[in-house]
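This report describes selected features of one protein model, taking its strands, its helices and a pocket in turn.

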Amino acid sequence: MIAALAWGIAAAVSHGAATAADAGSACTSASSITFAQRLIQRQGAAVETTQTALPDRLPLRARSENASVRYALDVSGCRHSSAAALWLFRVGAPYRITADGEPLVLLSARPLLRLDLLAGDWLPPQRGVYNGRIPALFALPAGARSVTVELQTLPYLPAGLVEARLGPVNLLMPLQAGAVEDVVAHADVASVVVLVLGVLALMLWLRRRADSALLWLAIACGLWGLRGLAYFNHAVYVSPTAFEQFNPLNVLLASAALMTSTAHVLGGLSRREGTVLSLAVAACLALLIAAAIAGTGAGAARAACLAASLTMTAWLVVQLWRRREALSRWHAGTLIAAFVGLLGCAVHDLMVVGGALAPSEPSWVFWGFVVLLVGFAVVSGQYVVTTLNRAERSNEELERHVERKTRELEHSYALLRESERETARAQERGRLLRDMHDGLGAHLMSTLRGVERGALGPADLARSLQDGLDELRLLMDSTDMGQYLPSALAAWRNRWDARLAAAGVTLDWTIHESLDQIELNNDVALQVMRILQEAATNIIKHAQATRMSLHASVAASESGSQLRIEIVDDGVGFRPGQARAGGRGLKNMHYRAGQIGATLDIGALDGREGTRVLLCVPAATTQDTRPRLDASMAASALDEIPNLR
């Protein structure tokens, strides 16, 4: 009650003095308000009521959470005007402004980016509370004599009111527009640019998780962009105390993120440096939280956060200078200049906050941070681009190296294949020589010995020579058999058709089209042809048959597909006694079948005269991957047959 009475008396005295000074003047020009009535209260009790010149300097007892500061401005000179306005350049804290208890309407010449338009209903602005950092123009109601400006929290400046002007709206509007342009200077656009840089850095980090500098750069950009949107706006979106405490907290966290990002560019933080940084940030956070809980000490917590941020910046300048060899000369020079500039801006703003400079001085630290973040983003972006270019060049070099090695490998593989072919040819040549020596050579040798002893008559000699000739033809054919099976069988038929006809045996020939998929290994082909030859020989010599049928096809079995060749005659049939007499030939047939993994079944026909020979060759043994000898190589092999004597 006493405080309110004292405030009313003081306001009346101030109003009377201002009225006497402005007697007879009309509200036709913009005039400065040079004095204001200031009331300082502590816990509801008046501590000081005085008239102060603007800009005023707050005493220490007013710069506390327990103190409230209120100003009364005389606006009676425009009480008869219907288009009068009050312009405030800067206020030391978030404030409320009223005339006769009614809030004044804010007029703005430049719409700023509003967080409530982005955030929606969940972040409404504090009604009637304005940000003291931004110049503001308020419409005055007709008949207003006095305007009250009440600070809502601990001031961030040593001054409460910096500058105020009264006059017509049309004269103060250009002043407001110019002042906002000087103070804000497109800070909202700069904040959006910084946020975009942060998003780009985050997207790059998502593709390059190992590059932690990009992540911390994105965090720093996000924090500083948010600060620009929050503090270069008339509206206050949280409680005035939290609004002012967020500023030093944001500066601290942005400085810590930028310090970490720069340290990663320089090679990373040591364990000791990381521990000190974490402890400093944690200590400042603890001070802010403790001050909020206790309701006192907010000024000391702010000072600690700003001091820690200033120390981080100075430490970064020193580290950049000491470790400049880790970067290119252009990168190191750019970052050092940007950090020194930021340090100078921070010192300037601290001098304004401390009272060493006039409270009307503009804030530089925001722009210092913006320039630094943009420069750091450019350097980081160039580093990423350089890294990507280096990776592309490495990929191109790797592709050329792989192409060169591929050509070398293909050449080596070609040499290897040629060597394998030569080896296979040598092995095939050796096989052919062994077969000729062991088979044909032995047969001719035994025939020669029989002739020398006179044991062979003309018929026996002719038969023996025919057998030798058949063996020689088989050996010659075996070099060319390992391909199309019907062709190999056709070659065999071409040789035996006439001999069977001469013996009075008619040949029935059935080749199934499924044989088109079969290719014989040379060894397999030779043994199959020998078995067929032995079967035909037995029919001519022993069966007394008049008809012989051959059926060849590919059939399915439990172990897979197999080649089936069936020979049937209508002769006297197969009897065990004859098997013993001709046992050597039959044993040779079974032996040859076993050599190629085939099965051979020789037996009498059920219910009628005749014999059936069934040869089954697994398909897995028919593939031939070895080079084949041509006819010239076979002839060359014949020239190398040793003297059979």
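## Paired strands

Two strands are taken to pair if DSSP finds at least two bridges between them. The model discussed here is a predicted one. In it, strand β2 (residues 35-42) and strand β3 (residues 45-53) are paired in the antiparallel sense, with eight bridges between them. Within this pair, I40 stands opposite E48 in β3. Two residues lie between the strands of the hairpin that β2 and β3 form, and Q43 takes a positive phi near 55° there.

## The five-stranded sheet

Strands β13 and β14 also belong to an open sheet of five strands, whose order is β12-β13-β14-β16-β15 and whose pairing is mixed. From one strand to the next, the twist averages 15°.

Helix α5 covers residues 212-231, a total of 20 residues. From its first C-alpha to its last, α5 reaches 29 Å, close to the 28 Å expected at 1.5 Å a residue. Because 14 of its 20 residues are buried, α5 is largely enclosed by the rest of the structure; buried means under 20% relative accessible area.

Helix α6 contains L253. Is this residue buried, exposed or partly exposed? With a relative accessibility of 27%, L253 counts as partly exposed, since that class lies between the limits of 20% and 50%. L253 and L223 are separated by 30 residues in sequence, and their C-alpha atoms are 7.6 Å apart in space.

## The second largest pocket

The second largest pocket holds about 750 Å³ of space. It is lined by 34 residues, of which Y156, N247, L306, D349 and V353 are the closest to its centre. The elements that give two or more residues to this lining are α5, α6 (240-265), α8 (298-322), α9 (329-354) and α10 (365-453).

Which element gives the most to the lining of this pocket? The answer is α8, with seven residues. By class, the lining of the second largest pocket comprises 20 nonpolar, six polar and eight charged residues.

Key: Residues numbered from 1 in each chain as written. Predicted model: local features only at pLDDT ≥ 70, side-chain atom pairs only at ≥ 80, totals over all residues. Heavy atoms only, no water. Helix = DSSP H or I, 4+ residues; strand = E, 2+ residues; numbered from the N terminus. Expected span 1.5 Å × (residues − 1). Buried < 20%, exposed > 50% of the residue type's maximum accessible area, 1.4 Å probe, protein only. 1 Å grid on protein atoms, 1.4 Å probe; cavity = no way out; pocket = protein on both sides within 12 Å on 5 of 7 lines; lining within 4 Å. Points joined across faces, edges and corners; volume = space filled by probe spheres on them. Nonpolar A, V, L, I, M, F, W, Y, C, P; charged D, E, K, R; others polar. Axes fitted to C-alpha atoms, helices over the stretch in contact; angles between N-to-C directions.
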